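Please have your viewer ready.

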Amino acid sequence: TEGRLVSARAARLGASHILIVVDDVTEQERLEQMRHDFVANTSHELKTPVGAVSLLAEAIDSAADDPPQVRAFAARLQAEADRLTRLTSRIMDLSRLQSADEVPQAREVSVDEVVVASVEAHALQADSGGVTVVRGGDRGAVVSGDSTMLIEAVGNLIANAIAYSPRGARVGVGVRIDGPVVEIAVTDQGIGIAESDQQRIFERFYRADVARSRRTGGTGLGLAIVKHAVQRHGGEVRVWSRLGRGSTFTIRLPRYEPPVKHGSKRRKSAD
Ligand code: ADP
């Protein structure tokens, strides 16, 4: 590759140049590997629903003289098609977030509005899961970024909290202003996550409980999207969880700092 040619040439220039260029090649290879893995994972994940669609189409064909059967297969076909739609749209979201050209907008975003919008977006899901979502904590927090991206991130945490909770459970969405940081915490009283899985759940397509994730319509991409969206905002996401007790996912974002106004009496910082 071009990178290798450059590094071979640099090797002749002297030892000091080699490190830098070799590093560059490694970074290029790492990105290439990431792209390769993403395509491989994605194709693998698409195979199951695509296979199901094809089998169901055959089944409908061979059940042609049994209308109730045809209707039952058609409903399952529709469910698989919906799953594929959800999966492809999430793959696109994640691929957008992973690409270096997609920079979040730098607008002032009200955290209250982000929380309200994310809770509202999952009101139906909460209703049908018999889960109550409660909001609380500090008001008036502002961060800098892209509200659509943040609503999706917080919404994904809420969707999981509902999906992995029993009927009658509560989900809490709380905001805390902690100095220069705004913390948005989503807490549930659901099934919890084993310690050995906690490290891995943010990887794309990783599921602690594959059967349950499929049943609840999961794609295994929700937390990977959260992680990338939050990192794009200079923040981080953490998890605390105990199996059988519940989980808390926390998004920490830098608080928005208003630009210094000309002529205003702003105290100088120590440096
Ligand atoms: P999925 O679409 O499968 O929910 P995610 O990336 O959102 O994918 O989550 C990855 C895995 O982490 C899930 O399959 C599930 O095993 C686990 N998980 C995520 N959130 C929770 C939660 N609130 N409670 C229990 N397990 C969770």
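The report below covers the model, the ligand site and a salt bridge.

## About the model

This is a predicted model, in which local features need pLDDT of at least 70, side-chain atom pairs count only at pLDDT 80 or more, and totals for chains, interfaces and linings use all residues. Residues are numbered from 1 along each chain as its sequence is written, and side-chain values use heavy atoms, with hydrogens and water left out.

## Around the ligand

The ligand is surrounded by 21 residues (a heavy atom within 4 Å), and the closest are Asn 160, Tyr 164, Asp 188, Ser 213 and Thr 219. By class, this shell has 10 nonpolar, 8 polar and 3 charged residues, with Gly counted as polar and Tyr as nonpolar.

Ligand oxygen atoms lie 2.8 Å from a side-chain N or O atom of Tyr 164, 2.8 Å from a polar backbone atom of Thr 219 and 2.9 Å from a polar backbone atom of Gly 220. Taken alone, the ligand exposes 530 Å², and the protein buries 97% of that (Shrake-Rupley method, 1.4 Å probe).

## A salt bridge to look at

The structure holds 10 salt bridges (a Lys or Arg side-chain nitrogen within 4 Å of an Asp or Glu carboxyl oxygen). One of them joins Arg 207 to Glu 45, with the closest N and O atoms 3.4 Å apart. Arg 207 lies in the loop between helix 7 (195-198) and helix 8 (210-215), and Glu 45 in helix 2 (residues 15-62), so the pair ties together parts 162 residues apart in sequence (helices are DSSP runs of H or I, at least four residues).

Conventions:
A polar contact is a pair of N or O atoms within 3.5 Å; within protein, one must be able to donate a hydrogen and the other to accept it, and residues adjacent in sequence count only if both atoms are side-chain atoms. Helices (H or I, at least four residues) and strands (E, at least two) are DSSP runs, numbered from the N terminus.
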